[in-house]
Each structure stands twice: as C-alpha cells, then as structure tokens.
Amino acid sequence: MANIRLIPRLDVKAPNLIKGVHLEGLRVVGSPGEFARRYYEEGADELLYMDIVASLYGRNNLEQIVSDTARDVFIPMCVGGGIRSVDDATRLLRAGADKVAINTAAIANPGLIETLSRRFGSQCIVLSIEAKQTRAGGWEAFTDNGREKTGRDAIAWAIEAAERGVGEILVTSVDREGTRKGFDIALADAIAGAVPVPVIASGGMGSVEHLVEVVRNGHVDAVAMADVLHYERLSLKEIRRAALDAGLAVRPEAPAALAS
Amino acid sequence: MTKIAVIDYGAGNLFSIARALEHCGATPVFTADPDSLRKADRAILPGVGAFGDGMAALRQASLSAAIAELAAAGNPVLGICLGMQMLFDASEEFGDHTGLALIPGRVLPLPRTRADGAPQKVPHIGWNDLCEPAPGRWAGTPLAAIAPGTSAYFVHSFAAVPADGRDAIATCVYGGHAITAAVQRDNVCGCQFHPERSGPAGLSIIRQFLA
C-alpha cells in the first residue's frame, strides 16, 4: 500500500495565493512560491496548484509560478485550471508539473481525457470534480468554482472519466470547501468506492480528526488541505505526527540521509 | 568535469531531472545524438509514458545501440521509471515490446488484486518505503546514501520482474505484493521511483550516483 498522501493545495489567482469559502469570496494569502517552498521543507508529499479563475478567462497563468517553484521543490506537482488542449498540458509539464488536472474542458469534451492520457500516460492526468450535494446521496459536478451546473452526476462522471483513462481523481466538495467543518465523507466514499484509480479528497479540513475520518470512512488515497495550512492553524509536521499517532499509514518523517 | 548525459528522446518532463542534477552540482547535457551519448561519462535514461513508444523513439534515434555501447564500456547508466523498465528484455504494456536487454527480465502489469484478494488501485501513486533485500546490499549502489525504510515517490502501472532476483536491490510492498523498486547489474542501475521527486532523500540518491 502506498502511504496516504498529504497534499497542500494552493489556489492561485496569479500572481497571488488566495483562499475562499465554497470556492468564492477569495482573499489574498501571500506568494504561492513562498508557501510552496515552506510546505516542501515541512515534508509535503506533493503539491497541488490550481489556477481557480483560469477557466473564466480562458487562460492559464500558472506556468511561471510552476517553473519558479520547480527550481527548488523536489516533490511532485499537480497543476490545474484552464487546461484545454495537449498544448496547454505540454506547456505546464515542460514548466515542471508532473501531472495536470482537468475539469471544465473535460466536461465540454470528454474525449480530451483519452487524448491527454494517450499522449502523456494516465498517471499524468487527474480529473478534478467540483461536487455539490443536490439530494440525499447525490452530487452534481460543477465547473468554474462551483458556479456552473453541468447536469452530470458526480459519481457517474468519475466512473466515465476513469474508463476514459484518467489516472487519479481529485474530488472537491464545494459545500465544505473553506468551511473547516470536515470533508464530505459520503461523497469521498462514493467516489473512492466507484473507481479503480486513486482518489484525492479536498474541501473542509480543519483538524487532524477530519483527515483521519476521510481516510478511514471515505477510503481516499490522498488528502488535500489549504486553509488549515495557509493560516498556520496546524503545521504539516503536526498533522503528520498526529496522523501517525492515530495509526494512519502516512509517510514517516524522512530519516536523515546517511551521506552528503 | 564529469559529463552527465540525460537521454532526450522526447518522453516526459526533463525539467525536474535537470533541476535535481543541477541542485546536486552536476551539469546535465541533454542529448538525442548517439555520438554525443557515446562520449558521456555517465548517462541517465528518464521516461514517462508507454514502453513501446519509448523504445520506438530510442531505436529511431539510434540511441538504443549507443546506450548498449556505453553500458558495455562500463560507464554508469541510471534508468528512472520507464527508463528503468526499458533496461529489461521486454514489456507486456499494450502488447509485447522488446527492451534494451541490459538486465534480464520482463516488465509486467501491477497486480489488480491485493494479496488478500481485494481490488487494488492502479496506478501505484505515492510514497512507499524502500526495503533492502539483504543487509549490505545497498553498499556500492546509489541507495548507499539512504537508510533502509526511507520513502520514495512512485507513479507507475507496470513493474519489472528481474530473471535473477539478485538484480533487484530494493523492493517495496504494494497491496501486499513485493514489487521491484530499484535494480542494479554491474554498472547499469535503475529506479522505479522518481529520485528527482523524492525530496532530500531522492537528491541523496542522485548525488550518490554522480559520485
């Protein structure tokens, strides 16, 4: 079993790191590069960069931020927001991204998933789902930071995308995002149980208990967190230590290298 | 100065491997030219994507023969991820494809079920602990720089199965199965994980390869 990954999520409205509630009401937090480096040094397993206004303007501004970060951050980076084509993905991968996340463009043209995963490999392509609960046990996929309805059932969309070749699914609960009230466990569990690829839960982490709950009961493979880290409510080291104490299979803090 | 060639056959993200090498004090030279590769002191074969495509690109650029010559001359060669898989005889990824055959063995899909029979998620994505098969096995290999149990970052759906188990210098456990994490046969070595994406421990492995 690979360890559960702890993934700082950096939502960016270039050139700033921002944070909202329910993906709206965005506030500037600071410089994305500085936060990324801090999280790398604190032992993040991976970083997630999302240009959260890219689709609105039909562009992606993350290239420069990604390439600056890749200079001294030696962990995987997943980058999303505004990716519409092989060219967009190529640019971000060349800038130092390891994976790209797609949402709006995949909804508009699901065949893009096959195109990208054939070109770059499934392991490189992440489907980002912004899900809102619409009824008991039912969620709809949204785009544009939870503003635009797609008419697609989030679970059915996850299954279709996995069949089309995405290597991983990032599921953000719009209802919980930025609230620090905990993850939507039922949503995480419904997606994780429906697809044969790893699932990353995002939206709502306010405490280590929330992390433990979404891993134990939501059965996800990775957990994204933003507010709790950006505002230094908890440090990654504290989260990792508490997760280990709770018996979660997270990567132990790296033993010191023996040589050089 | 030691000349480190990074074999550029159009596959994958060379930026992060370049940055990691620079961080470790090396000056990587990207090359798609077999003659330039033959003059290298040591070489890194990176790679993401499909085995068949990777091998076709290496052959088309006459790089596969140059890699074999470099390896036969005793120069250190390090394959990373798909680059490691291509060191083997063949792979079953999307059909049957012949590899560089520098290390005997085959590349097979990761098991879709756990050892206990439950479904296993594939690809294997994330940090996993590197196990040393026998004490002292890492001496003289790039893994000498780290302690057994150190985690490294993996992302793959296929894994190499060496014909001679002694060529596997590290394994990790996925879904209850031991899978090949690193290999070495004489001067040819490979990592299934990404040392350039495995934080300070990965950088130590790269430094050791360069030493």
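Colleague: How many bridges pair strand β1 with strand β2 in chain A, and in which sense, parallel or antiparallel?

Modeller: Strands of a sheet pair through backbone hydrogen bonds, in either a parallel or an antiparallel sense. Two strands count as paired if DSSP finds at least two bridges between them; strands are DSSP runs of E with at least two residues, helices are runs of H or I with at least four, and both are numbered from the N terminus. In this predicted model, local features need pLDDT of at least 70 and side-chain atom pairs count only at pLDDT 80 or more, while totals for chains, interfaces and linings use all residues. Residues are numbered from 1 along each chain as its sequence is written, and chains are lettered from A and ligands numbered from 1 in the order in which they are written. Here β1(A) (residues 5–13) and β2(A) (residues 16–21) are antiparallel, with 3 bridges. The two strands make a hairpin with 2 residues between them, and Lys13(A) has Asn16(A) as its bridge partner.

Colleague: Which strand does β2(A) join through 4 bridges?

Modeller: That is β3(A), residues 24–30, again antiparallel. Ile18(A) faces Val28(A) across this pair. The hairpin of β2(A) and β3(A) has 2 residues between the strands, and His22(A) there takes a positive phi near 55°.

Colleague: In chain B, what is the order of the 7 strands in the open sheet?

Modeller: The order is β2-β1-β3-β4-β13-β12-β11 (chain B), with mixed pairing. At the edges stand β2(B) (28–31) and β11(B) (168–174); each has a single partner strand, so one side of each lacks a neighbour in the sheet. From one strand to the next the twist averages 25°. At one end, β11(B) pairs with β12(B) (residues 177–185) in the antiparallel sense over 6 bridges, and Ala170(B) lies opposite Ala182(B).

Colleague: Which strands of this sheet does helix α1 of chain B touch?

Modeller: Contact means that the C-beta atoms of two residues, placed from the backbone, lie within 7 Å. Angles run from 0 to 180 degrees between N-to-C directions, with axes fitted to C-alpha atoms, for helices over the stretch in contact. Helix α1(B), residues 14–23, packs on the sheet and touches β1(B) (4–7), β2(B) and β3(B) (42–45). The direction of α1(B) makes about 170° with that of β1(B).
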